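Morning, everyone. Please look at the screen; I'll take the surface, then the ligand, then the core.

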Amino acid sequence: MPDTKILVTGACGQIGTLLSTTLQERYGFDNVIASDIRSSATFSCIYEQLDVTDANKLFYLISKYQITQIYHLAAILSAKGEANPIFTWNINMNGLLNVLEAAKNYKLEKVFYPSTIAVFGNQTPRVGTPQWPNLTPETVYGISKVAGENWCNYYFQKFDVDVRSLRYPGIISWDTLPGGGTTDYAVEIFHEAIKRQSYTSYIAEHTALPMMYMPDAIRATLELMDTAKENVKVRTSYNVGAMTFNPAELSEEIKKHIPDFVIEYEPDFRQEIAASWPESINDTDARTDWGWKESYGLADMCQDIIHNLTQNNNQ
Ligand SMILES: NC(=O)c1ccc[n+]([C@@H]2O[C@H](COP(=O)([O-])OP(=O)(O)OC[C@H]3O[C@@H](n4cnc5c(N)ncnc54)[C@H](O)[C@@H]3O)[C@@H](O)[C@H]2O)c1
């Protein structure tokens, strides 16, 4: 694939760090340009500082590197977004519109846009949440992603911009830290379990949420992007699932590896956000249209994370 040149926005984040590395391995170091609003980063590929609200800089970078695809990850996430709703709307919306305009004007081959389970709200069935329910989210982040999904569909229908999207569940990683989402507890808990054998959860004991281990999230992204255009039938965003658990169930699984581990509960404002999100996702469309299937469930994810974190701490 010699002509593919990829720009990743928000590359310094929890997903962008690993996605950029995977894309470099696949397409070659010179063919992936990592970018973020942060002034510097430790990528082995080319790195450019880019604020996604700066359309001129975005267009300049597309011309400079002859970009053919954008993975547009830059966003302000659910919990952080509530502290400054208008700021969040501006970054999440204007960033996406700049990317979609660029894709139209520079005739980019493909764009990836991550959506989220935060698009669902209290009007949505919480168990087996369907692909096409009422989308009335409770957070500014969710509102921006619903609007974003619809803009993606609009640019596909009107301008044939081949933009593809997944509604990621909570993404769990051990080697990159999350940046202010509601599901961050499921990453923090592992670090605290290994450091202190205890964790205080801001999500209530029995509030279950859909989650996915990072290797599955990266693979889902690449598989969707590899799918033949005519088979990508959902042009807003695909539901995609892997596992579902609550903090008590996660804690029980961690105890199998760290028997002294104890969990306490002090729910905060994020509990209200979590309570408005699905418990589990119906992702039949993703499974039918492009063959989605997860590799990790709760037990094998926990084993892998604890093994990796323990090894890392011992080095
Ligand atoms: N992590 C999850 O659990 C999850 C779940 C659902 C959807 N998503 C989506 O996936 C994408 C990546 O999420 P993440 O977890 O890596 O987020 P993150 O918060 O870890 O990273 C986001 C990155 O965007 C950068 N950024 C913020 N404002 C910017 C701007 N104006 N211009 C350029 N960069 C800017 C930040 O510096 C950060 O490095 C987001 O769009 C998010 O909505 C993530």
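First, a definition: a residue is buried under 20% relative accessible area, exposed over 50%, and partly exposed in between, with a 1.4 Å probe and protein chains only. This is a predicted model, where local features need pLDDT of at least 70, side-chain atom pairs count only at pLDDT 80 or more, and totals for chains, interfaces and linings use all residues. Residues are numbered from 1 along each chain as its sequence is written, and side-chain values use heavy atoms, without hydrogens and water.

Now the surface. Y154 has 38% relative accessibility, so Y154 counts as partly exposed. Y154 sits in helix α5, residues 140-159. Helices here are DSSP runs of H or I, at least four residues, and strands are runs of E, at least two, numbered from the N terminus.

Next, the ligand. There are 28 residues around the ligand; that takes a heavy atom within 4 Å. Nearest are Q14, I15, D36, L73 and Y141. What about polar contacts, meaning pairs of N or O atoms within 3.5 Å? A backbone N or O atom of L73 is 2.9 Å from a ligand oxygen. For K145, a polar side-chain atom is 2.9 Å from an oxygen of the ligand. I37 puts a polar backbone atom 3.3 Å from a ligand nitrogen.

Last, the core. A nonpolar core joins buried Ala, Val, Leu, Ile, Met, Phe, Trp, Tyr and Cys residues through side-chain atoms within 4.5 Å. The largest one has 38 residues. Helix α6 gives the largest share, seven residues.

Conventions: A polar contact is a pair of N or O atoms within 3.5 Å; within protein, one must be able to donate a hydrogen and the other to accept it, and residues adjacent in sequence count only if both atoms are side-chain atoms.
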